[in-house]
Amino acid sequence: MSGSHQSSPWVVFISGTSAAILANVAVYPLDIVKTKLQVQIQHRQERGRSGDESQLSSMGGAAADCDSLIGAISHVVHEEGISGLYRGLGSSILGMTLMNSTYFYWSAKARILHQSVLRWYNMSDRGGILKELALGAAGSAMAQLCTNPIAVIAMRQQTSTTADQTKSAWNNVKEIVYNEDGWTGLWKGLKVNLILVVNPTITYGAYEWLRMISVRFRKQIGPIDAFFLGALSKALATIATQPLIVSKTILQSKPPECRYGRPFRSSTEVVIYIVRHEGFRRLYKGLVPRLLKGFLVQGLMMMLKERIQVLLTSVSLLNRLRVQRLTSASY
(Lines give C-alpha, C1' and ligand atoms only; values in the text may rest on other atoms or scores of the structure.)
Protein backbone atom coordinates (compact mmCIF):
# COMPACT_ATOMS: atom_id res chain seq x y z
CA MET A 1 0.00 0.00 0.00
CA SER A 2 1.41 3.34 -0.95
CA GLY A 3 2.27 5.70 1.83
CA SER A 4 0.87 8.57 -0.21
CA HIS A 5 -2.57 6.97 -0.47
CA GLN A 6 -5.20 9.36 0.82
CA SER A 7 -8.00 7.82 2.87
CA SER A 8 -11.49 8.71 1.67
CA PRO A 9 -13.74 10.85 3.91
CA TRP A 10 -16.04 7.85 4.41
CA VAL A 11 -13.13 5.69 5.62
CA VAL A 12 -12.10 8.43 8.05
CA PHE A 13 -15.70 8.86 9.24
CA ILE A 14 -16.37 5.13 9.69
CA SER A 15 -13.04 4.47 11.39
CA GLY A 16 -13.42 7.49 13.67
CA THR A 17 -17.00 6.63 14.66
CA SER A 18 -16.20 2.93 15.15
CA ALA A 19 -13.16 3.76 17.26
CA ALA A 20 -15.18 6.19 19.38
CA ILE A 21 -17.90 3.58 20.00
CA LEU A 22 -15.46 0.77 20.85
CA ALA A 23 -13.35 2.98 23.11
CA ASN A 24 -16.37 4.33 24.99
CA VAL A 25 -17.91 0.86 25.38
CA ALA A 26 -14.63 -0.35 26.86
CA VAL A 27 -14.65 2.35 29.55
CA TYR A 28 -18.43 2.73 29.92
CA PRO A 29 -18.43 1.58 33.58
CA LEU A 30 -16.34 4.66 34.39
CA ASP A 31 -19.07 6.77 32.77
CA ILE A 32 -21.72 5.16 34.99
CA VAL A 33 -19.60 5.69 38.11
CA LYS A 34 -18.84 9.29 37.15
CA THR A 35 -22.55 9.99 36.71
CA LYS A 36 -23.44 8.30 40.03
CA LEU A 37 -20.90 10.45 41.85
CA GLN A 38 -22.05 13.65 40.18
CA VAL A 39 -25.78 13.32 40.87
CA GLN A 40 -25.66 12.47 44.58
CA ILE A 41 -26.46 15.31 46.97
CA GLN A 42 -24.61 15.16 50.28
CA HIS A 43 -25.52 17.78 52.86
CA ARG A 44 -22.62 19.54 54.54
CA GLN A 45 -24.02 19.44 58.05
CA GLU A 46 -24.69 15.73 57.81
CA ARG A 47 -21.21 15.03 56.52
CA GLY A 48 -19.76 16.88 59.47
CA ARG A 49 -21.38 14.77 62.18
CA SER A 50 -18.90 12.52 63.93
CA GLY A 51 -19.96 8.91 64.31
CA ASP A 52 -22.94 9.33 61.97
CA GLU A 53 -23.13 7.85 58.53
CA SER A 54 -23.37 10.46 55.77
CA GLN A 55 -26.83 10.81 54.32
CA LEU A 56 -26.81 10.95 50.56
CA SER A 57 -29.82 11.90 48.52
CA SER A 58 -29.06 10.40 45.16
CA MET A 59 -30.97 10.31 41.94
CA GLY A 60 -29.16 7.10 41.11
CA GLY A 61 -29.90 5.19 44.30
CA ALA A 62 -26.36 5.65 45.62
CA ALA A 63 -25.59 4.92 49.22
CA ALA A 64 -23.22 6.52 51.65
CA ASP A 65 -20.29 4.44 50.41
CA CYS A 66 -20.52 5.98 46.92
CA ASP A 67 -18.29 8.94 47.66
CA SER A 68 -15.28 7.38 45.92
CA LEU A 69 -14.48 5.59 42.66
CA ILE A 70 -14.01 2.15 44.24
CA GLY A 71 -16.99 2.66 46.58
CA ALA A 72 -19.30 3.57 43.71
CA ILE A 73 -18.21 0.57 41.62
CA SER A 74 -18.67 -1.79 44.57
CA HIS A 75 -22.11 -0.35 45.34
CA VAL A 76 -23.38 -0.68 41.75
CA VAL A 77 -22.11 -4.27 41.43
CA HIS A 78 -23.56 -5.22 44.84
CA GLU A 79 -26.97 -3.68 44.14
CA GLU A 80 -27.40 -4.42 40.43
CA GLY A 81 -24.69 -6.88 39.40
CA ILE A 82 -22.14 -6.38 36.64
CA SER A 83 -24.93 -5.44 34.21
CA GLY A 84 -25.56 -2.32 36.31
CA LEU A 85 -22.24 -0.92 35.07
CA TYR A 86 -23.63 -0.99 31.53
CA ARG A 87 -27.10 0.47 32.11
CA GLY A 88 -28.12 2.88 29.36
CA LEU A 89 -25.33 1.65 27.07
CA GLY A 90 -27.66 1.35 24.04
CA SER A 91 -28.91 4.94 24.33
CA SER A 92 -25.36 6.16 24.92
CA ILE A 93 -24.04 4.42 21.78
CA LEU A 94 -26.99 5.71 19.74
CA GLY A 95 -26.36 9.25 21.00
CA MET A 96 -22.64 8.98 20.28
CA THR A 97 -23.23 7.69 16.74
CA LEU A 98 -25.76 10.43 15.98
CA MET A 99 -23.47 13.02 17.55
CA ASN A 100 -20.61 12.02 15.24
CA SER A 101 -22.92 11.90 12.19
CA THR A 102 -24.59 15.25 12.85
CA TYR A 103 -21.26 16.85 13.76
CA PHE A 104 -19.73 15.89 10.41
CA TYR A 105 -22.90 16.92 8.57
CA TRP A 106 -23.25 20.36 10.16
CA SER A 107 -19.50 21.03 10.08
CA ALA A 108 -19.60 20.37 6.31
CA LYS A 109 -22.66 22.64 5.97
CA ALA A 110 -20.90 25.39 7.95
CA ARG A 111 -17.85 25.04 5.70
CA ILE A 112 -20.01 25.31 2.54
CA LEU A 113 -21.75 28.41 3.95
CA HIS A 114 -18.37 29.93 4.84
CA GLN A 115 -17.07 29.35 1.30
CA SER A 116 -20.27 30.86 -0.18
CA VAL A 117 -19.88 34.01 1.93
CA LEU A 118 -16.25 34.35 0.86
CA ARG A 119 -17.22 34.02 -2.81
CA TRP A 120 -20.12 36.47 -2.40
CA TYR A 121 -17.82 39.15 -0.97
CA ASN A 122 -14.91 38.14 -3.22
CA MET A 123 -12.66 37.38 -0.26
CA SER A 124 -9.78 34.93 -0.06
CA ASP A 125 -9.82 31.99 2.34
CA ARG A 126 -6.90 32.54 4.71
CA GLY A 127 -7.62 29.37 6.68
CA GLY A 128 -6.04 29.30 10.10
CA ILE A 129 -6.77 27.83 13.49
CA LEU A 130 -9.51 30.28 14.50
CA LYS A 131 -11.54 29.47 11.38
CA GLU A 132 -11.28 25.72 12.00
CA LEU A 133 -12.28 26.15 15.65
CA ALA A 134 -15.26 28.31 14.67
CA LEU A 135 -16.46 25.78 12.07
CA GLY A 136 -16.00 22.94 14.56
CA ALA A 137 -17.92 24.90 17.20
CA ALA A 138 -20.79 25.50 14.76
CA GLY A 139 -20.95 21.80 13.94
CA SER A 140 -20.83 20.85 17.63
CA ALA A 141 -23.59 23.33 18.53
CA MET A 142 -25.95 21.97 15.88
CA ALA A 143 -25.09 18.39 16.83
CA GLN A 144 -25.93 19.14 20.47
CA LEU A 145 -29.28 20.63 19.41
CA CYS A 146 -30.16 17.47 17.47
CA THR A 147 -28.94 14.87 19.99
CA ASN A 148 -29.73 16.49 23.36
CA PRO A 149 -32.95 14.44 23.87
CA ILE A 150 -31.01 11.18 23.54
CA ALA A 151 -28.43 12.45 26.04
CA VAL A 152 -31.22 13.24 28.52
CA ILE A 153 -32.75 9.76 28.11
CA ALA A 154 -29.34 8.07 28.51
CA MET A 155 -28.72 10.12 31.66
CA ARG A 156 -32.09 9.06 33.10
CA GLN A 157 -31.25 5.41 32.44
CA GLN A 158 -27.79 5.73 33.99
CA THR A 159 -29.15 7.32 37.16
CA SER A 160 -32.36 5.32 37.54
CA THR A 161 -32.99 3.61 40.86
CA THR A 162 -33.36 -0.13 41.36
CA ALA A 163 -37.15 0.26 41.18
CA ASP A 164 -36.84 1.98 37.80
CA GLN A 165 -34.56 -0.60 36.19
CA THR A 166 -37.27 -1.98 33.92
CA LYS A 167 -38.15 1.43 32.44
CA SER A 168 -37.59 1.59 28.70
CA ALA A 169 -36.29 4.61 26.82
CA TRP A 170 -39.85 5.38 25.68
CA ASN A 171 -41.15 5.26 29.27
CA ASN A 172 -38.44 7.72 30.26
CA VAL A 173 -39.54 10.01 27.44
CA LYS A 174 -43.16 9.90 28.63
CA GLU A 175 -42.11 10.57 32.22
CA ILE A 176 -40.14 13.65 31.16
CA VAL A 177 -42.82 15.01 28.81
CA TYR A 178 -45.85 14.44 31.07
CA ASN A 179 -44.42 15.19 34.52
CA GLU A 180 -42.00 18.09 34.19
CA ASP A 181 -41.42 20.69 31.50
CA GLY A 182 -43.25 19.10 28.59
CA TRP A 183 -41.30 18.48 25.41
CA THR A 184 -38.77 21.15 26.37
CA GLY A 185 -37.62 18.83 29.15
CA LEU A 186 -35.89 16.74 26.49
CA TRP A 187 -33.59 19.69 25.81
CA LYS A 188 -32.58 20.29 29.42
CA GLY A 189 -28.91 21.14 29.74
CA LEU A 190 -28.72 22.39 26.14
CA LYS A 191 -27.47 25.84 27.16
CA VAL A 192 -24.68 24.27 29.19
CA ASN A 193 -23.81 21.98 26.28
CA LEU A 194 -23.57 25.00 23.99
CA ILE A 195 -21.20 26.67 26.45
CA LEU A 196 -19.17 23.46 26.69
CA VAL A 197 -18.50 23.74 22.94
CA VAL A 198 -15.53 25.89 24.06
CA ASN A 199 -13.97 22.77 25.65
CA PRO A 200 -12.02 21.86 22.48
CA THR A 201 -10.80 25.46 22.28
CA ILE A 202 -9.45 25.24 25.83
CA THR A 203 -7.93 21.84 25.02
CA TYR A 204 -6.22 23.15 21.89
CA GLY A 205 -4.95 26.30 23.60
CA ALA A 206 -3.57 24.29 26.53
CA TYR A 207 -1.95 21.83 24.11
CA GLU A 208 -0.18 24.60 22.18
CA TRP A 209 0.98 26.21 25.43
CA LEU A 210 2.34 22.91 26.79
CA ARG A 211 3.92 22.09 23.43
CA MET A 212 5.69 25.46 23.36
CA ILE A 213 7.10 24.81 26.83
CA SER A 214 8.19 21.28 25.83
CA VAL A 215 9.97 22.52 22.69
CA ARG A 216 12.22 24.67 24.88
CA PHE A 217 13.59 21.51 26.49
CA ARG A 218 13.28 19.11 23.54
CA LYS A 219 13.76 20.15 19.94
CA GLN A 220 11.36 17.55 18.58
CA ILE A 221 8.01 16.29 19.88
CA GLY A 222 7.42 12.60 19.20
CA PRO A 223 4.09 10.71 18.96
CA ILE A 224 4.24 9.58 22.59
CA ASP A 225 5.01 13.13 23.73
CA ALA A 226 2.09 14.44 21.65
CA PHE A 227 -0.23 11.82 23.15
CA PHE A 228 0.61 12.74 26.75
CA LEU A 229 0.51 16.48 26.01
CA GLY A 230 -2.91 15.96 24.43
CA ALA A 231 -4.13 13.95 27.42
CA LEU A 232 -2.83 16.60 29.84
CA SER A 233 -4.42 19.45 27.88
CA LYS A 234 -7.72 17.55 27.85
CA ALA A 235 -7.42 17.11 31.62
CA LEU A 236 -6.88 20.85 32.10
CA ALA A 237 -9.94 21.62 29.94
CA THR A 238 -12.00 19.12 31.93
CA ILE A 239 -10.95 20.66 35.25
CA ALA A 240 -11.85 24.13 33.95
CA THR A 241 -15.34 23.06 32.83
CA GLN A 242 -16.15 20.40 35.46
CA PRO A 243 -18.65 22.56 37.45
CA LEU A 244 -20.67 23.08 34.25
CA ILE A 245 -20.52 19.35 33.48
CA VAL A 246 -21.78 18.50 36.98
CA SER A 247 -24.63 21.01 36.73
CA LYS A 248 -25.63 19.63 33.30
CA THR A 249 -25.67 16.05 34.65
CA ILE A 250 -27.95 17.02 37.54
CA LEU A 251 -30.21 19.09 35.25
CA GLN A 252 -30.74 16.13 32.92
CA SER A 253 -31.37 13.63 35.74
CA LYS A 254 -34.42 13.14 37.92
CA PRO A 255 -34.69 15.68 40.77
CA PRO A 256 -32.99 14.48 43.99
CA GLU A 257 -35.18 13.25 46.84
CA CYS A 258 -34.28 16.30 48.94
CA ARG A 259 -35.99 18.48 46.28
CA TYR A 260 -39.29 16.57 46.73
CA GLY A 261 -39.75 16.22 42.97
CA ARG A 262 -39.06 19.89 42.16
CA PRO A 263 -36.73 19.97 39.12
CA PHE A 264 -33.90 22.46 38.79
CA ARG A 265 -34.65 25.20 36.27
CA SER A 266 -31.12 26.23 35.27
CA SER A 267 -27.46 25.32 35.68
CA THR A 268 -26.98 28.44 37.81
CA GLU A 269 -29.61 27.17 40.26
CA VAL A 270 -27.82 23.81 40.41
CA VAL A 271 -24.42 25.41 41.09
CA ILE A 272 -25.85 27.64 43.85
CA TYR A 273 -27.63 24.65 45.42
CA ILE A 274 -24.45 22.52 45.43
CA VAL A 275 -22.30 25.28 46.92
CA ARG A 276 -24.91 26.10 49.58
CA HIS A 277 -25.64 22.51 50.65
CA GLU A 278 -22.42 20.65 49.88
CA GLY A 279 -19.64 23.18 49.54
CA PHE A 280 -17.54 24.46 46.64
CA ARG A 281 -15.40 21.30 46.48
CA ARG A 282 -18.41 19.21 45.46
CA LEU A 283 -18.63 21.08 42.15
CA TYR A 284 -15.79 18.73 41.16
CA LYS A 285 -17.41 15.46 42.20
CA GLY A 286 -16.85 12.66 39.71
CA LEU A 287 -13.69 14.36 38.42
CA VAL A 288 -11.36 11.38 38.96
CA PRO A 289 -13.36 8.83 36.88
CA ARG A 290 -13.97 11.50 34.23
CA LEU A 291 -10.25 12.25 33.92
CA LEU A 292 -9.46 8.54 33.88
CA LYS A 293 -12.14 7.92 31.26
CA GLY A 294 -10.91 10.81 29.09
CA PHE A 295 -7.32 9.57 29.25
CA LEU A 296 -8.24 5.97 28.38
CA VAL A 297 -10.74 6.93 25.66
CA GLN A 298 -8.23 9.20 23.95
CA GLY A 299 -5.54 6.52 23.97
CA LEU A 300 -7.88 3.75 22.80
CA MET A 301 -9.46 5.95 20.13
CA MET A 302 -6.08 6.86 18.65
CA MET A 303 -5.02 3.21 18.58
CA LEU A 304 -8.33 1.78 17.28
CA LYS A 305 -8.93 4.52 14.69
CA GLU A 306 -5.48 3.92 13.19
CA ARG A 307 -6.00 0.13 13.02
CA ILE A 308 -9.56 0.35 11.62
CA GLN A 309 -8.55 2.96 9.05
CA VAL A 310 -5.64 0.79 7.84
CA LEU A 311 -7.96 -2.24 7.66
CA LEU A 312 -10.69 -0.42 5.71
CA THR A 313 -8.17 1.16 3.34
CA SER A 314 -6.55 -2.24 2.72
CA VAL A 315 -9.94 -3.88 2.04
CA SER A 316 -10.85 -1.03 -0.32
CA LEU A 317 -7.58 -1.38 -2.25
CA LEU A 318 -7.88 -5.16 -2.46
CA ASN A 319 -11.44 -4.84 -3.75
CA ARG A 320 -10.31 -2.31 -6.35
CA LEU A 321 -7.50 -4.61 -7.51
CA ARG A 322 -9.94 -7.54 -7.75
CA VAL A 323 -12.32 -5.47 -9.89
CA GLN A 324 -9.41 -4.43 -12.16
CA ARG A 325 -8.34 -8.07 -12.61
CA LEU A 326 -11.90 -9.14 -13.46
CA THR A 327 -12.20 -6.27 -15.93
CA SER A 328 -8.86 -7.17 -17.55
CA ALA A 329 -9.83 -10.85 -17.75
CA SER A 330 -13.09 -10.01 -19.52
CA TYR A 331 -11.11 -8.46 -22.38
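A residue is taken as buried when its relative accessible area is under 20%, and in this predicted model Tyr 28, with a relative accessible area of 2%, is therefore buried. Tyr 86, by contrast, has a relative accessibility of 33% and counts as partly exposed, because the partly exposed class covers values between the 20% limit for buried and the 50% limit for exposed residues.

A search of the whole structure finds 4 aromatic pairs, one of which is formed by Tyr 28 and Tyr 86, with 6.3 Å from centre to centre and 20° between the planes. The pair is classed as stacked, because planes under 30 degrees apart fall into that category. Tyr 28 belongs to helix 2 (residues 28-39), whereas Tyr 86 sits in the loop between helix 4 (69-80) and helix 5 (89-120), so the pair ties together parts of the chain that are 58 residues apart in sequence.

The surroundings of Tyr 28 also include Gln 158, whose side chain makes a polar contact of 2.9 Å with the side chain of Tyr 28. Gln 158 is placed in helix 6 (residues 129-158) and, at 5% relative accessibility, counts as buried. A polar contact of 3.3 Å is likewise found between the side chain of Gln 158 and that of Asp 31. When residues up to four places away in sequence are not counted, the residues touched by Gln 158 are Tyr 28, Asp 31, Ile 32, Thr 35, Lys 36 and Arg 87.

Arg 87, one of the residues touched by Gln 158, takes part in a salt bridge with Glu 80, in which the closest N and O atoms are 2.3 Å apart. Both partners count as buried, Glu 80 at 15% relative accessibility and Arg 87 at 12%. In total, the structure holds 8 salt bridges. Another of them joins Lys 254 to Glu 175, with 3.9 Å between the closest N and O atoms; this pair links distant parts of the chain, since Lys 254 lies in the loop between helix 10 (223-252) and helix 11 (267-277) and Glu 175 lies in helix 7 (residues 169-179), 79 residues apart. Lys 254 is partly exposed, with a relative accessible area of 26%, whereas Glu 175, with a relative accessible area of 15%, is buried. A further salt bridge, with an N to O distance of 2.9 Å, is formed by the side chains of Glu 278 and Lys 285, and Glu 278 and Lys 285 are both buried.

The packing of helices was examined for helix 2, which contains Tyr 28, and helix 4. The axes of these two helices are 10 Å apart and meet at an angle of about 105°. Helix 2 and helix 4 are therefore roughly perpendicular to each other, because angles of 65 to 115 degrees are assigned to that class. On the side of helix 2, the contact is made by Leu 30, Val 33, Lys 36 and Leu 37, while helix 4 contributes Leu 69, Ala 72, Ile 73, Val 76 and Glu 80. Among these residues, Lys 36 is also touched by Gln 158, and Glu 80 is the salt-bridge partner of Arg 87.

Key:
Residues are numbered from 1 along each chain as its sequence is written. This is a predicted model: local features need pLDDT of at least 70, side-chain atom pairs count only at pLDDT 80 or more; totals for chains, interfaces and linings use all residues. Side-chain values use heavy atoms; hydrogens and water are left out. Rings of Phe, Tyr and Trp (its six-membered ring) pair if their centres lie within 6.5 Å; planes under 30 degrees apart count as stacked, over 60 as edge-to-face and the rest as tilted. Helices (H or I, at least four residues) and strands (E, at least two) are DSSP runs, numbered from the N terminus. Buried means under 20% relative accessible area, exposed over 50%, partly exposed in between (1.4 Å probe, protein chains only). A polar contact is a pair of N or O atoms within 3.5 Å; within protein, one must be able to donate a hydrogen and the other to accept it, and residues adjacent in sequence count only if both atoms are side-chain atoms. Contact means heavy atoms within 4.5 Å. A salt bridge is a side-chain nitrogen of Lys or Arg within 4 Å of a carboxyl oxygen of Asp or Glu. Axes are lines fitted to C-alpha atoms, for helices over the stretch in contact, and angles run from 0 to 180 degrees between N-to-C directions. Angles under 35 degrees count as roughly parallel, over 145 as roughly antiparallel, 65 to 115 as roughly perpendicular and the rest as oblique.
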